[in-house]
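The sequence and structure come first.

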Amino acid sequence: MEGKKEKGHASLELYAKIIVTLALITIAEIVVPYVIAHDVNSVIGIGLLAVLAVAKYVLVVMFFMHLYYDQPLCTFLFVTGMVLGGGTMAGLLSAMPHDAYTREEYGGGATTGSSEAKTYIGPELKTPDEKAGEQLFETNCVTCHTLKSVTTATGVIGPDLDGIWERAGKRMPGKTAEQYIDLSIKEPGAFIVDGYPNSMTNFGFDDTKRRQLVAFLMAQGRPWPKGGGGSAPAAGGTEPGASTTPGTMSSPGDQLPATPQPGSGESPTPDTVQESEASPNAGSSPGGSISPAPEGSASPDAAASPAGSATP
Amino acid sequence: MSQIVLDNPHEMGCTGLPHRKVLMWAFLASDCMFFGTLISTYMIYRGRSPADTPQPQDIFDIPLTSTSSFVLLASSYLMVLALAAIQRGDMKKFQLWTAGTAFFGSIFLGFQCYEFSHFYLKGHLGLTTNLFGSTFYVLTGTHGCHVAIGVLWLMSLCILSLKGGMTPRRQLDVEIAGLYWHFVDIVWIVIFGGVYLLEYIITPAGTPGVGH
């Protein structure tokens, strides 16, 4: 009857060693956020945490739960569950856009139905340049710059880049928006936005990378595809003259023209954009849930102010 | 229930393992998937809460959560001591360690109650405030439910033993309870790393409480 123990048995001494090890690993885990500098790529931190957590997990399962000594069937059962559970996690995490708000399937009411009405839905990135630019941006820029469509972009050292497509063209005489952004990456000190330190380093991006970043940033001002369905993806979005043609609207909730068109110059984000702040359920209207207005960018220049006021 | 003892011939299946133990492992395997979906949900909705609603960094208290993590870890250790005691036939020690495990589990629950009420009253984070609130409370609340069930289970074992209803021949009951308890512990290992500590690693700027 004691068959399950025939293969051996953990001694009390071993248990004591394991619990001490577990405690030490836990201390190491807690220390990780303090020693990983914030400007270090967080992949290192995540990797460290993952390794430490897995080590604890394995120790507990193998020895406290006796899988190391027990019959293989137990291990088989549990590993099957873990594979299925891990597969579920991997599947969910890869199927759902958990890293950015750019996918169209999130424009619908599913996740933005209630108090999420103000969640920002980023533009759909179309060209390879824009997508490559997003990667570059996530890797290099998010520590200092804010961009609502990139979850990790919450930095306040540099200007908020939401709506930069609209402001960039007016910064330096004779330079288009693209040229200005390109120059700002190439020579960060060429133009310093009021209220910000001249602290951006030259990242040494070559022409291709700068072009990709510019494409990505300029895309941040493009109108969004209609949420929930994509029957009218980016209708008129790439046609500067297509704004506000009443006949193209199927219902008031579908108003794409609430978004300023690139090239429409001074037009601020219209106040018709529903922020749905008051009622938790106000977001159930399609217009509210796909509200494309970047928060705080009621006017072209105001977009930089929230970050600006927080700058030392 | 009291008839089930280790040498009950009906207890063993053709697997060479007691039925109930196989059942517990199968249950734990399914619970892996259960928690997997909850943790995934939390991860997917990270950073999706409106900026003017409570964010994880605003309200997480790492020293507090670390303490409760240590408490839960220590309770796992007491659990293996309890099982070892009943396997030796040392019922006094078994009662002591089982009561200790349940007690430490209760401390963990106390920390969680404090944390939840603190988040709700001071942090203004309710279940429906934002996606962070919903996913966080459902995930950690589900785990807390598991802990609470485990505490009740261990306490019932302890009381049964005090009343003389436990013998060393019923160590399988303890082993199964232990499997459940350790599983609750490893789920917390994942939550502690993936929910609490991760918050201070992926958020590059403006992280309070961590050297800047």
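Phe104(B) counts as buried because 23 C-beta neighbours lie inside 10 Å; a residue is buried if 20 or more other C-beta atoms lie within 10 Å of its own, exposed if 12 or fewer, and partly exposed in between, with C-beta atoms placed from the backbone. The model is predicted: local features need pLDDT of at least 70, side-chain atom pairs count only at pLDDT 80 or more, and totals for chains, interfaces and linings use all residues. Residues are numbered from 1 along each chain as its sequence is written, while chains are lettered from A and ligands numbered from 1 in the order in which they are written.

Phe104(B) sits in helix 4 (residues 91-121) of chain B. Helices here are DSSP runs (H or I, at least four residues), numbered from the N terminus. Neighbours within four places in sequence aside, Phe104(B) is in contact with Val71(B), Ala74(B), Ser75(B) and Leu78(B), contact meaning C-beta atoms, placed from the backbone, within 7 Å. Ala74(B) is 30 residues from Phe104(B) in sequence, and their C-alpha atoms are 7.6 Å apart.

In chain B, helix 6 (residues 171-197) is largely enclosed by the rest of the structure, because 26 of its 27 residues are buried. Helix 6 of chain B has a kink of about 25°, centred on Ile191(B); the bend is the angle between axes fitted to the seven residues ending at a residue and the seven starting there.

Between the chains, 56 residues of chain A are in contact with 56 residues of chain B. The classes on the chain A side are tabulated below.

| Class | Residues of chain A touching chain B |
|---|---|
| Nonpolar (Ala, Val, Leu, Ile, Met, Phe, Trp, Tyr, Cys, Pro) | 31 residues |
| Polar (the others, Gly among them) | 19 residues |

Definitions and conventions:
Contact = placed C-beta atoms within 7 Å. Helix = DSSP H or I, 4+ residues; strand = E, 2+ residues; numbered from the N terminus.
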